[in-house]
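Reader: Before I rely on the terms used for this structure, could you take me through them with care?

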Amino acid sequence: GGGLTGNTNITEYITSDGRITEDVTAESVDKMVELHIPEDTIGLNRVGQPLYYVSAKVQDEPLLPPEQCEVIGLVYNLGPVGATFDPSININIEYDESELPQGVTEKNLIIGTYSSGDEHWTDLDSLVDPDSNIVTTEVNHFSYFAILAYTYPASFVLNDFSLTNEKIILGE
């Protein structure tokens, strides 16, 4: 479990070289984020030492979403900052479909990660399960993560369009 603070101690599941010895699941305090770290994954902190905990906490200060995009739910700070995983691990983020902007369908939701160094969001390959309201992605590092919904205005592509100089009479 995630404990009261969103931290999950993994010292009993990791070797001195950072290898996870059995599957580990951790979750945020609000239970909206779940991390799955499979057995035999190498988990290291930013200086290359084994991880002793993982955390999933709500980001206190808002992070601006990309243009024409909305954050669905909250932004989560997964840590420790700079942690890496080999191979990648799964992150599941739950959402409330009542928070979807008008015109956005569940199948178009994605998980994005925010880089504080260059202050931009990166879209991640994501899988949406609309039956359980969960979006899943694989990551090899920790940072800030959130579900994103792009709200582009409608656009149209014209096919077989032609202009003529014929006059059209009112009512035709």
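Author: Glu-12, Glu-22, Asp-23, Glu-39 and Asp-40 gather on the surface in a patch of negative charge. This is a predicted model, in which local features need pLDDT of at least 70 and side-chain atom pairs count only at pLDDT 80 or more, while totals for chains, interfaces and linings use all residues. Residues are numbered from 1 along each chain as its sequence is written, and side-chain values use heavy atoms, with hydrogens and water left out.

Reader: Why does Glu-12 count as exposed?

Author: Its relative accessibility is 63%, so Glu-12 counts as exposed, a term that means over 50% relative accessible area, whereas buried means under 20% and partly exposed lies in between (1.4 Å probe, protein chains only).

Reader: What makes the pair of Lys-31 and Glu-27 a salt bridge?

Author: A salt bridge is a side-chain nitrogen of Lys or Arg within 4 Å of a carboxyl oxygen of Asp or Glu, and the closest N and O atoms of Lys-31 and Glu-27 are 3.0 Å apart, so the pair qualifies. The structure holds one salt bridge.

Reader: Are these two partners buried or exposed?

Author: Lys-31, at 54% relative accessibility, counts as exposed, whereas Glu-27, at 17%, counts as buried.

Reader: How do you know that Gly-18 counts as buried?

Author: Gly-18 has 0% relative accessibility and therefore counts as buried. Gly-18 lies in the loop between β1 and β2 and touches Thr-41, Ile-42, Gly-43, Leu-44 and Pro-50, not counting residues up to four places away in sequence, where contact means heavy atoms within 4.5 Å.

Technical notes. Patch = residues over 30% accessible without salt bridge, like charges linked within 9 Å, V, L, I, M, F, W, Y side chains within 5 Å. Areas by Shrake-Rupley, 256 points an atom, 1.4 Å probe, with all protein chains shown as cover. Lys, Arg positive; Asp, Glu negative; His and termini not counted. Charge placed at Lys NZ, Arg CZ, Asp CG, Glu CD. Helix = DSSP H or I, 4+ residues; strand = E, 2+ residues; numbered from the N terminus.
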